[in-house]
Amino acid sequence: MLVIKQLSKTYANGIQALREISLEIGCGIFGLLGPNGAGKSSFMRTLATLQDADSGLIELDGLNLLKNPQIARQRLGYLPQDFGVYPNVSAEDLLDQIAVFKGFTRPSQRRELVAQQLQLVNLYEQRKQKLGTFSGGMRQRFGIAQALLGSPQLLIVDEPTAGLDPVERIRFQNLLAEISQDRVLILSTHIVEDVAELCKQMAILNRGEIIRSGSPLFLTETLQGKIWITSELDASNLPENCTIITARMSRGKRCVRVLSETQPGQHFHPVEPDLNDVYFTALRLESFAIAA
Ligand SMILES: Nc1ncnc2c1ncn2[C@@H]1O[C@H](COP(=O)(O)OP(=O)(O)OP(=O)(O)O)[C@@H](O)[C@H]1O
């Protein structure tokens, strides 16, 4: 169990990246959704003990991570957003080197461990290949292999599916599902579908604050009966008590989704809410609250 209490972080330039974040997270994949600049990477780096918090607590199975960063690093694995690799080194050699840094000093034990990890992420056949020749998806899978060295209880994965093609994305999602069975895996992303497809629990972060948290199912059900769709709406004929959530093209037709407690008008049809509605509604209502 990962417990986070009132975690705050302000950078030297005055930007308050995290504001009193409190969460309790159990085994499985926890999705952290948020727009650009919301504070996701700041949160992930702080969890990974790579930067200090100003105040607050992070506890993993009773261990205070911020007060014990050395022990914490033996219990967590981290795949950063900008995971760089040495292009001229083979997957096997780099993983071996990272294993040395992580304290695996016995060569025979290390050889076995490296082979195991490469098999797990389906890169064993390509183990002699230079990392510079890897596709984006292969590189991310390699990133997971290094994060999993030492079998950490907490795995922190920052925006891993951005830029992956659909086949690699599904393959990567399946890998995350497989390795999250008996550990806490925190997945930061701005791809709503990743969270809808993978996560039992989630939170939406905006301007450094958690503005929604819970299971995707629960959060979606809170919008039941309140989402309406129309193709005949513009800003000039917006009914009262109705908030536009998204206006975009769908199957070649303009499609506007709105939030309203009651039927907004004759051209509106009720639709089943989805996680995109949860996400956009939360951000919309938040921006109104800030403007008010
Ligand atoms: N090292 C830093 N020094 C100063 N400000 C920073 C630093 N890192 C991040 N910030 C600022 O903190 C805020 C949160 O940034 P962060 O990178 O955590 O957001 P994010 O949700 O990960 O964004 P993205 O989805 O674009 O990666 C932003 O306003 C950013 O400019």
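Let's start with helix 5 (residues 136-147) and helix 6 (residues 166-179), whose axes come within 10 Å and cross at roughly 10 degrees. Axes here are lines fitted to C-alpha atoms, for helices over the stretch in contact, and angles run from 0 to 180 degrees between N-to-C directions. Helices (H or I, at least four residues) and strands (E, at least two) are DSSP runs, numbered from the N terminus. That crossing angle makes helix 5 roughly parallel to helix 6; angles under 35 degrees count as roughly parallel, over 145 as roughly antiparallel, 65 to 115 as roughly perpendicular and the rest as oblique.

Keep in mind that this is a predicted model, where local features need pLDDT of at least 70, side-chain atom pairs count only at pLDDT 80 or more, and totals for chains, interfaces and linings use all residues. Residues are numbered from 1 along each chain as its sequence is written.

Which residues of helix 5 and helix 6 make the contact? Helix 5 brings Gly 136, Gly 137, Gln 140, Arg 141 and Ile 144, while helix 6 brings Glu 168, Arg 171, Phe 172 and Leu 175. Being in contact means that the C-beta atoms of two residues, placed from the backbone, lie within 7 Å.

Now look at helix 3 (residues 91-101) and helix 4 (residues 107-120), which pack at about 125 degrees with axes 10 Å apart. That angle makes helix 3 oblique to helix 4. On helix 3, Ala 91, Glu 92, Leu 95, Asp 96 and Ala 99 meet Arg 110, Leu 113, Val 114, Gln 117 and Leu 118 on helix 4. Sort the residues of this contact and you get six nonpolar, one polar and three charged. For that sorting, Ala, Val, Leu, Ile, Met, Phe, Trp, Tyr, Cys and Pro count as nonpolar, Asp, Glu, Lys and Arg as charged, and the others, Gly among them, as polar.

Next comes the ligand. Of the 14 residues around it, Tyr 11, Asn 36, Lys 40, Ser 41 and Ser 42 come nearest (a residue is near if its C-beta atom, placed from the backbone, lies within 6 Å). Helix 1 (residues 40-47) gives the largest share of this shell, three residues. The shell holds four nonpolar, nine polar and one charged.

Finally, zoom out: the chain splits into domain 1 (2-214) and domain 2 (221-291), with bounds from an automatic or database domain assignment. Their centres, taken over C-alpha atoms, are 34 Å apart. Nine residues from domain 1 and seven residues from domain 2 make the contact.
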